[in-house]
Amino acid sequence: MVEYNFTDRPTKERLETLKKTFPEANESFVTLFLDIQWTYREMQKQYDSLLERYGLTETKFIILMFLYNEPSHQLLPSSLSEKLWSTRATITKVIKCLGRSQWIIKKSSSRDKRVVIIQLTTEGKALLERFLPNNYHAVSILLSTLDTAEQTELVRLLNKVKLGTKKMQNEMELNSNEKK
């Protein structure tokens, strides 16, 4: 039995064998997809390591940034949920974590005591201001090997991959509706 793992990339021969069973397996697409996936995972692993040094996750960081960028440094949980394209339950869990770290506080609205507002604290703002220079430095390192023309080309190509992603989503929704 042949075992596969993420570092055990399929060889040309293995892909040709696969194509005999699955003719729709396009060798260049499979290889390109694995390259993109590997690159994303490695990039994310390095970025997660940086976030972790500050006690952050990507979701916590994004929520703190939403609050940081608001003139009042506060938002409703429902606004955070919409901005993050996340469920209220997920936002509630993250807000609890951020509150335990004293990076945000929950307070009642002055207009309606039933309405909860999430506000960035001084500690949360200070954390972001310590983290952001390192964040931008990391992003610069990750993309420093691309010149301006390559950056433009990468954006163009990523937009084409986004179109393919949307096409896949539409096809999957269509197939899902047909099964109902």
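Let me start with two helices: H1, residues 12-21, and H2, residues 27-53, pack at an angle of about 125 degrees, and their axes are 10 Å apart. Helices here are DSSP runs of H or I with at least four residues, strands are runs of E with at least two, and both are numbered from the N terminus. The axes are lines fitted to C-alpha atoms, for helices over the stretch in contact, and angles run from 0 to 180 degrees between N-to-C directions.

A word on the source. This is a predicted model, where local features need pLDDT of at least 70 and side-chain atom pairs count only at pLDDT 80 or more, while totals for chains, interfaces and linings use all residues. Residues are numbered from 1 along each chain as its sequence is written, and side-chain values use heavy atoms, without hydrogens and water.

Back to the pair. Which residues meet? From H1 there are Lys12, Leu15 and Glu16, and from H2 there are Glu27, Val30 and Thr31, with contact meaning heavy atoms within 4.5 Å.

Next, the loops. Most residues other than glycine have a negative phi. His73 is not a glycine, yet its phi is positive, near 60 degrees. His73 sits in the loop between helix H3 (58-69) and strand E1 (74-75).
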